[in-house]
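Hi,

Here is the model I promised to pass on to you. Have a look at it first, and then read on for my notes.

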Amino acid sequence: MKQRIITALILAPLAIAGIFMLPMQGFLIAITAITLVGFWEWTQFTESKSRYLAIIPSVAVLAASLFFLPTSTLELIIPSNEHQIILLIGFTWWLIASGLVLTFPNSKKLWYSNLPLKHIFGWLTMIPFLWSILLLRADHYMLDSYYGAKLVLLVCLLVWAADSGAYFAGKSFGKRKMSPAVSPNKTIEGLIGGVITAIIIGWGAASTFNIQFESTSSMLGIFIATIIISVLGDLVESMFKRASGIKDSGTIIPGHGGILDRIDSLTAAFPVFAFLYFF
């Protein structure tokens with residue numbers, strides 16, 4: 001725990017600094033690098049004989065998305081039809097993935113022996129994450145270069161608050177398991193505590209950052225959907241790790257494991273938040 005706290009205290013300020021200080025194209029490079037590491041760690045779930053060969057299709061898909069989809073700052077400010085499709089795909093995937101994790105291990109027989117499907121699951125997880133965070137970062141960029149950065153930070157705060165609130169509420173009141181076959185420590189009571197904590201933090205942050213929503217009910221609906229899907233996103237990665245007999249997705253972050261272990265909730269939260277926020 002001490003190592004985890006020290007690492008978090010170092011990484012969190014760096015992440016926030018990157019969100020606010022990097023120019024759009026620098027931010028694009030940084031998120032692409034994180035996506036590549038995520039794809040590398042995902043190769044463990046595919047159980048291929050060679051991880052180097054297993055990552056080639058994912059790199060090709062990532063390169064194709066960057067080549068065919070608009071990437072300039074001006075083009076990212078207003079999501080194109082292609083961007084909208086990517087967000088819709090991401091939103092749909094996380095609804096499906098949530099169903100898979102809530103029915104695990106029965107759902108395992110639908111995908112465990114299907115190697116191409118495991119690759120596709122990785123693409124559906126990482127590609128919408130990449131584009132949703134870029135689109136949010138570019139929002140209102142010409143009017144206020146920090147507005148999109150505040151949006152990105154808002155999503156991060158929702159996820160971090162939900163994670164912390166769920167931990168303490170689960171420790172204190174947790175009885176009913178959410179998905180014991182995947183993560184026996186996560187409870188319904190913890191989820192409720194996480195939702196309440198994140199709504200309070202998110203509402204305060206949105207007011208402080210002056211982020212505009214159509215209405216208060218719209219904001220709360222987006223918050224609740226994002227928070228719940230972020231918790232399920234954590235469970236989805238746990239499901240793939242459990243099915244593959246893996247404890248951590250990697251060792252790149254001391255005390256925390258791999259990149260996927262740290263961004264699992266964010267990979268779910270960003271596409272869902274962006275889809276609901278824009279459309």
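This is a predicted model: local features need pLDDT of at least 70, side-chain atom pairs count only at pLDDT 80 or more; totals for chains, interfaces and linings use all residues.

Residues are numbered from 1 along each chain as its sequence is written, and side-chain values use heavy atoms, leaving out hydrogens and water.

Several residues of α5 are buried, including His83, Phe91, Trp93 and Trp94 (buried is under 20% relative accessible area, exposed over 50% and partly exposed in between, with a 1.4 Å probe and protein chains only). The buried residues of α5 pack against a number of elements, among them α4 (73-77), α10 (216-244) and α11 (259-278); contact here is heavy atoms within 4.5 Å.

On a 1 Å grid over the protein atoms alone, a pocket is an open set of points with protein on both sides within 12 Å along at least five of seven lines, and lining residues have an atom within 4 Å of a point. The lining includes Val61, Phe68, Ile86, Trp123 and Pro128. α3 (51-68), α5 and α7 each give two or more residues to that lining, and α7 gives the most, with five. By type, the lining has 11 nonpolar residues, one polar and no charged (Ala, Val, Leu, Ile, Met, Phe, Trp, Tyr, Cys and Pro count as nonpolar, Asp, Glu, Lys and Arg as charged, and the others, Gly among them, as polar).

Next comes Thr46, in helix α2 (residues 24-46). Thr46 counts as buried because its relative accessible area is 3%. Its side chain makes a polar contact of 3.0 Å with that of Ser48 (a pair of N or O atoms within 3.5 Å, where within protein one must be able to donate a hydrogen and the other to accept it, and residues adjacent in sequence count only if both atoms are side-chain atoms). Leaving aside neighbours within four places in sequence, Thr46 is in contact with Ala54, Leu115, Lys118 and His119. His119 belongs to helix α7 and is buried too, at 11% relative accessibility.

Finally, the backbone. Most residues other than glycine have a negative phi, and most peptide bonds are trans. Just after α2, Glu47 takes a positive phi of about 55°. His140 and Asn210 also have positive phi values, of about 60° and about 60° respectively. His140 sits in the loop between α7 and α8 (147-173), and Asn210 in the loop between α9 (188-209) and α10. A cis peptide bond, with omega about 10°, joins Phe104 and Pro105.

Best wishes

Technical notes. Helices (H or I, at least four residues) and strands (E, at least two) are DSSP runs, numbered from the N terminus. On a 1 Å grid over the protein atoms alone, a cavity is a set of points where a 1.4 Å probe fits but cannot get out, and a pocket is an open set with protein on both sides within 12 Å along at least five of seven lines; lining residues have an atom within 4 Å of a point.
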